[in-house]
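Q: Can you walk me through this one? I'd like the packing, helix by helix.
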Amino acid sequence: MDDEKLPSESRGKPIRCRAAVSRKPGEPLVIEEIMVAPPMPHEVRIRIICTSLCHSDLSFWKMKDFPAIFPRILGHEAIGVVESVGEDVNEVTEGDTVIPTFMSECGECADCKSTRSNLCTKFPRPSIFMPRYGTSRFTDLSGEVLYHFLSVSSFTEYTVVDIAHITKIDPAIPPSRACLLSCGVSTGVGAAWRTAEVEKGSTVAIFGLGSIGLAVAEGARLCGAARIIGVDVNRDKFEIGKKFGLTDFVDPANSENNSVSEQVIKEMTGGGADYCFECVGLISLVQEAYACCRKGWGKTVVLGMDKPGSQVTLPSLDIIFGKTLTGSLFGGLKPKSDIAVLINRYKDKELQLDEFVTHEIRFEEINKAFDLLIEGKCLRCVIYMTNE
């Protein structure tokens, strides 16, 4: 990494590089040359080493109406090296290895200073532009503006990210594993660890065994849960899930005329699971997970997101009897401190990351990653920006 510490010859200048641009909903990304402007104050320009494909990328790629917007550079799970920094950036310097995250942490607002929340009041939601200036750092070669995605935009060789969305990490961890902590694995593990605070010996039920659900299982395993039940319509997920601590599997299609909550989960756990996690993004499944929780102290954590305007209906008696429903954004983690904890647990061979990577491809094959995810053939597909 010594060469990375040398002053950047491109500092303060636009960079011409390749990016995979999403120009129309649902159509293959177009790899083309773009211009990436230098960072403004409080911004960092990063050379992306590798990135991975998340279901959120897929959802926005398919979406036809706002908040979808085109042309856009998708991607938000990544790792890179700082190429240059703007003014008033003190926590990273050229050559540092960093993870960009859609979750901001300004370190100044009441939420960032509190231990009770990982939300950021100053930058409350990811933007299609740079958050402080409302402008893009991307243009194509004809001068057309390209929009940002979730404050990261990692499907490009170079990107610009606000320092509130940057976490400096130990460069010793393999990039193809570190990039997973940029979103998906951190979200699932964090939901069990930080949001639910799963206790040793407790029972957990996870609804939906995609990569997020399996990351919840991994988090529950690390917390010492005694029983981790996976609920999914794909029975193949059980064998996969065993790697991450699943002890039991429920196929809703085999639950006869009774809902999972009415019969199976409650019988398996003697009255309901201590913790339930909804990892798909269906209101009906949120209600099902809530019904599976034990009265008195059961907690349901929602990680999936249904379409805007969706409403949840819950029995008032269950609420009075002490059952809790809560959401979890980025697993309740504070990126600048908690990602380092997860990296250390990986280095100590406690946290499993290798098992999440099912495919590795070159940047030129990025559309293949979309196909694999659509077909349900991968958990995480890591995309290498160069052939090095």
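This is a predicted model: local features need pLDDT of at least 70, side-chain atom pairs count only at pLDDT 80 or more; totals for chains, interfaces and linings use all residues.

Q: Okay. So why does D318 count as buried?
A: Because its relative accessibility is 14%. D318 is found in helix α9, residues 316-320. Helices here are DSSP runs of H or I with at least four residues, strands are E runs of at least two, and both are numbered from the N terminus.

Q: What does D318 touch?
A: Y290, K295 and K323, leaving out residues up to four places away in sequence. Contact means heavy atoms within 4.5 Å.

Q: On to the core. Which residues touch the most other members of the largest nonpolar core?
A: I34, F155, L181, V198, V204, I206 and F277, out of 97 residues in that core. Helix α5, residues 211-223, gives the most to this core, with eight residues. Apart from it lies another core of 13 residues, including A205, V250, I265 and L285.

Q: What counts as a nonpolar core?
A: A set of buried Ala, Val, Leu, Ile, Met, Phe, Trp, Tyr and Cys residues joined through side-chain atoms within 4.5 Å. In soluble globular proteins, nonpolar side chains tend to be buried together.

Q: Back to α5. How many of its residues are buried?
A: Twelve of its 13. Among them are S211, G213, E218 and C223.

Q: And what span does α5 reach?
A: It reaches 18 Å from its first C-alpha to its last, close to the 18 Å expected at 1.5 Å a residue. The expected span is 1.5 Å times one less than the number of residues.

Q: What comes just after α5?
A: G224, with a positive phi of about 90°. G224 is found in the loop between α5 and β11 (227-231). With a relative accessible area of 27%, G224 is partly exposed. G224 touches E199, K200 and G201, not counting residues up to four places away in sequence.

Q: New topic. At what angle do α1 and α11 pack?
A: About 100°, with their axes 11 Å apart; α1 is residues 55-62 and α11 is 366-374. That makes α1 roughly perpendicular to α11. Angles of 65 to 115 degrees count as roughly perpendicular, under 35 as roughly parallel, over 145 as roughly antiparallel and the rest as oblique. Axes are lines fitted to C-alpha atoms, for helices over the stretch in contact, and angles run from 0 to 180 degrees between N-to-C directions.

Q: Which residues make that contact?
A: H55, L58 and W61 of α1, and F370, L373 and I374 of α11.

Q: What do the buried residues of α1 pack against?
A: β3 (43-52) and α11. Those buried residues are D57, L58, F60 and W61.

Q: What about α4 and α10: how do they cross?
A: At roughly 100°, with the axes of α4 (residues 184-195) and α10 (residues 335-347) coming within 12 Å. S186, V189, W193 and R194 in α4 meet D338, I339, V341 and L342 in α10.

Key:
Residues are numbered from 1 along each chain as its sequence is written. Side-chain values use heavy atoms; hydrogens and water are left out. Buried means under 20% relative accessible area, exposed over 50%, partly exposed in between (1.4 Å probe, protein chains only).
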